[in-house]
Amino acid sequence: MGPHRIFIAGAYGDYTPLGNRQGNVERLDEVTKQIMLKGHIPYNPVGQMRYFDDDARLTKKQFVAVSDDMLSLCDALMYVCGSPGADREYEIAKEQGKII
């Protein structure tokens with residue numbers, strides 16, 4: 001079997017258990033690297049979102065749509081830590097029968 005496409009679900013905003021956005025981003029980046037080092041393909045929506053979240057032309061609804069599409073392409077979900085978005089992605093992955 002080839003590499004798995006793994007969606008990374010984790011906290012992004014300042015309200016999260018890690019307490020700050022930068023810490024959340026760094027943690028998810030490290031998970032992304034570890035997945036790659038194991039020969040799998042990471043899908044990290046936070047890695048993409050952080051470059052565009054200050055652009056008022058883009059809405060949260062658009063980010064959620066992109067994230068949902070990324071998740072639909074994946075074989076598995078890596079649940080790094082909870083947040084409203086990560087919890088939602090976890091439930092979707094479970095409903096879709098993804099490896100968690």
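What percentage of the 100 residues of the chain count as buried? The share is 37%. Keep in mind throughout that this is a predicted model.

**Whole chain.** Along its principal axes the trace spans about 40 × 25 × 20 Å. The radius of gyration is 13 Å, which agrees with the value near 13 Å that a compact globule of 100 residues would have.

**Secondary structure.** Switch to a cartoon view. There are 4 helices and 3 strands in the chain. Following the sequence, their pattern reads β-α-β-α-α-β-α. Then display the contacts: among those with a separation of 6 or more, 62% come from residues 24 or more positions apart.

**Surface and charges.** Select the charged side chains: 12 are positive and 14 are negative. The centres of these two sets lie 2 Å apart.

**Leu-77.** Hide the surface and select residues 76–79, which form strand 3. Leu-77 is in this strand. Is Leu-77 buried or exposed? Its relative accessible area is 4%, so Leu-77 is buried, the cut-off being under 20%.

Now show what surrounds Leu-77. Leaving aside residues up to four places away in sequence, Leu-77 touches Ile-6, Phe-7 and Ala-9, as well as Leu-71, Glu-89, Tyr-90, Ala-93, Ile-99 and Ile-100.

**Last stop.** Val-25 and Leu-77 are 52 residues apart along the chain, and 17 Å separates their C-alpha atoms.

Key. Residues are numbered from 1 along each chain as its sequence is written. This is a predicted model: local features need pLDDT of at least 70, side-chain atom pairs count only at pLDDT 80 or more; totals for chains, interfaces and linings use all residues. Side-chain values use heavy atoms; hydrogens and water are left out. Helices (H or I, at least four residues) and strands (E, at least two) are DSSP runs, numbered from the N terminus. The radius of gyration is taken over C-alpha atoms; the globule rule is 2.2 Å times the number of residues to the power 0.38. Buried means under 20% relative accessible area, exposed over 50%, partly exposed in between (1.4 Å probe, protein chains only). Contact means heavy atoms within 4.5 Å. Lys and Arg count as positive and Asp and Glu as negative; His and the chain ends are not counted. The place of a charge is taken as NZ of Lys, CZ of Arg, CG of Asp or CD of Glu.
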